[in-house]
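Hi,

Here is the structure I promised to pass on.

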Amino acid sequence: MDIETDPFIMCKGCHRRSRKSQWESHYYTCPVCGKLKNISAPYRLSIILDSGSMKVANTGISSDDPLDFPGYRGKLKEAEEKTGLKETAVTAVGKISGVKSVVIVLDSRFFMGSMSQACGEKITRAIEYAGRHKLPLIIFSASGGARMQEGMFSLWQMAKTADAVEQFSRDGGLYISVLTHPTTGGVTASFATLGDITLAEPGALIGFAGPRVIEQTIGKKLPKGFQRAEYLYEHGFIDAIVPRDELKATITRILMLHGFKTAGGSNGR
Amino acid sequence: MVDKILELVSKTDQQIAEAKQALTELNGDAVGQEYYDKQDELRHLEGLRSDLLEQCRDLEPEDHVYIARFSGRPHITDFIDALFTDFFEIRGDHLYDNDEAIYGGIALYHGMPVTVLGHRKGKNLEENMRCRFGMPSPEGYRKAMSMFSEAEKFNRPVITFIDTPGAYPGMEAEAHGQGEAIARSLAMMSHLKVPVISVVTGEGNSGGALALSVANRLLMLEYAVYSVLSPEGFCSILFKDTSRKKEACSLMHLTADDMYKDKMADEIIAEPAGGASSDPVSVYDALDKAIERNLKELVRMSPRELVADRHRKFRKI
């Protein structure tokens, strides 16, 4: 293979270059140092769901501009063109090792994964769907927090999604929350931390307040590793930190432990 | 603009108090010229005060933010004293700590036992420090949650008062699960089987405010504000320029009027010119009437209806 079909991609962690094909075979985990690259929602779905089983839902919902915020519509259009997505959240129904599930993925490339009214609506609908059809719910969070350009309409989504998760939970549904880099702000303070089981990817930044805001408040630098997945794991807020290539197998095992009939313990695509 | 006026008002208030004091002292003597002069001075000062307050009409959203944060504004302890009787404080999360930024307990409201709680900023520097200026830690939200579940157990309506710059952004708060504590409070409030009324009395910022305001009825004082983030934080994130606060305040739809038009606030409680601090008693009266009326409607609902009513309020946005 040559450079054109298989270019080098640099790791932001160790600054070493590896071939695209090597990155891909490790699900975009650096072949040298193990640092994860952020991945798109469609790619995430492709490595979690059984091939050919995916149906993407709620694609008609896109952001409004409730505050008539200057420049916002233009930025939304840019984000749409850049990512091919209409919103931060992609909601899908598909099979994980044979188990029909509802999977929601937040794409950090779209407005830094921030929660808009449309994003909250998609998430809520997907949770409600999972509840109605008694399907397990898996949410991969990645978010900078609230969508500032939508003001209170964005903040409201925290209550709306938390309400939906609570109802889903009271109806006996299984919700596996997977926290990926970065999960902060209003997403951390709503559905993302309400899972029955909480997993995280290695090294993911997870917190409510952003590190910069904390540093400004306390007037000193934060220690290395603060608010990382490993830190939260130590403090008892995460059940397991799971490398990307073991995620599907781990989720499969959790589904199996909750009585779902899984097809083996496959961790393949 | 309003900041300078309110400063002058409080200076005038002080002079009025002094003049009144002087009059009381003079009253003991035979009434003479000095007494009449003082009376004139008092009349003049009172005229000046109302002229000043008259200037506080047609305010900009930025002025609302100033009034909402004004230190002379009534705080949760004032509202509890004015509207409730037999208040019994509930302290601590019974897990780790007592967060002073959230204050509450059980009290009687028109003879009915209720749970009342909210953010507490403190009224002087010493209290401000203890209460972290009303910025709660996870322990505060967990204390609130234990009050919510007790309220549900004993079928007490819940009334919350919202006034916070946001949840505390500190290392310990993060290590103790600030995000999860807020999330759990949202989830729990959304399903409470008792009536919930929230009153935004000052500033309601971010998830730290929302965590106590998943209510059947959201009331806002006329100059209270509610926003996704403090206008200063909003500026630094979106504009990378904190000098554009005035513009941010106008864009954010944060006034009570905006919140009502955007169908998130259910009712606005009128305030006197210059805000609640210029005549707190009139605000207590108006608020009391509004809470009583809303509560009367809510206590007639079944637990199931209450949860459904709250769900609709948040689901529609």
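Before the first distance, a word on what "domain" means here: the bounds come from an automatic or database domain assignment. Also keep in mind that this is a predicted model.

Let's start with chain B. Its assignment gives domain 1, covering 2-55, and domain 2, covering 64-315. Taken over C-alpha atoms, the centres of domain 1 of chain B and domain 2 of chain B are 36 Å apart. The two do touch: eight residues of domain 1 of chain B are in contact with seven residues of domain 2 of chain B.

Which helices supply the side of domain 1 of chain B that touches domain 2 of chain B? That side draws at least two residues from each of α1 (2-27) and α2 (33-54) of chain B. The most comes from α1(B), with six residues. Sorted by class, this side of domain 1 of chain B has five nonpolar residues, one polar and two charged.

Helix α4 (residues 117-132) and helix α5 (residues 151-170) of chain A pack at an angle of about 5 degrees, and their axes are 9 Å apart. Angles under 35 degrees count as roughly parallel, so α4(A) is roughly parallel to α5(A).

If you want to find the contact on screen, look on the α4(A) side for residues including Cys119(A), Ile123(A) and Ile127(A). On the α5(A) side, the residues they meet include Phe153(A), Ala164(A) and Phe168(A). The residues of this contact between α4(A) and α5(A) divide into eight nonpolar, eight polar and two charged.

Cheers

Definitions and conventions
Residues numbered from 1 in each chain as written. Chains lettered and ligands numbered in written order. Predicted model: local features only at pLDDT ≥ 70, side-chain atom pairs only at ≥ 80, totals over all residues. Helix = DSSP H or I, 4+ residues; strand = E, 2+ residues; numbered from the N terminus. Nonpolar A, V, L, I, M, F, W, Y, C, P; charged D, E, K, R; others polar. Axes fitted to C-alpha atoms, helices over the stretch in contact; angles between N-to-C directions. Parallel < 35°, antiparallel > 145°, perpendicular 65-115°, else oblique.
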